Amino acid sequence: MRFIIQRVTHAQVEAEGKIIGKIGKGFLVLVGIGQGDNREIADKMIRKLANMRIFEDENGKTNLSLQEVSGELLLVSQFTLYADCKKGNRPSFTKAGSPELAESLYQYIISECQSLIPVVETGFFGAYMKVSLLNDGPFTIILDSEEIC
């Protein structure tokens, strides 16, 4: 499982010409589900995400979590995080989880995040979407379950 976490001042996602998710200060998280991922891995990733201290405290140190700054969360499913570019110039996506697995885990991640964070917005699973954001910092973290689980 891979999360690309971007600290943002605001972000939104559009599908079919309509804004379907929009947040203010918080995290835009691109969520990639790989083969073999499960709820146990998702739980570890969610805990790491919720407790990641990358907001500035009163001394300007990155020491506060999303919850501590009343931040919002925008979760967008993105299977392309599992692109394999080793051979040729056309990426392969065979390492991405099946659509059934990915959608099930994406919905689980949304549900679990909603129990921790008051404002959770999302994209549509499997839809063509346009994501816009203002990265704050810029601050971008790659969280890969192979490195934390």
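Strands here are DSSP runs of E with at least two residues, helices are runs of H or I with at least four, and both are numbered from the N terminus. This is a predicted model, where local features need pLDDT of at least 70, side-chain atom pairs count only at pLDDT 80 or more, and totals for chains, interfaces and linings use all residues. Residue numbers start from 1 along each chain as its sequence is written, and side-chain values use heavy atoms, with hydrogens and water left out.

**View A. Glu 16 sits in the loop between β1 (2-15) and β2 (18-23).** Its phi is near 55°, a positive value in a residue other than glycine. Most residues other than glycine have a negative phi, and most peptide bonds are trans.

**View B. Here's the cis peptide bond between Gly 137 and Pro 138.** Omega comes out at about -5°. Pro 138 belongs to strand β8 (residues 130-144).

**View C. Helix α1 (residues 39-51) packs with helix α2 (residues 99-114) at an angle of about 40°, axes 10 Å apart.** Axes are lines fitted to C-alpha atoms over the stretch in contact, with angles from 0 to 180 degrees between N-to-C directions. In contact (heavy atoms within 4.5 Å), Arg 39, Ala 42, Asp 43, Ile 46 and Leu 49 of α1 meet Leu 105, Tyr 108, Ile 109, Glu 112 and Cys 113 of α2. Sorted by type, those residues are seven nonpolar, no polar and three charged (nonpolar: Ala, Val, Leu, Ile, Met, Phe, Trp, Tyr, Cys and Pro; charged: Asp, Glu, Lys and Arg; polar: the others, Gly among them).
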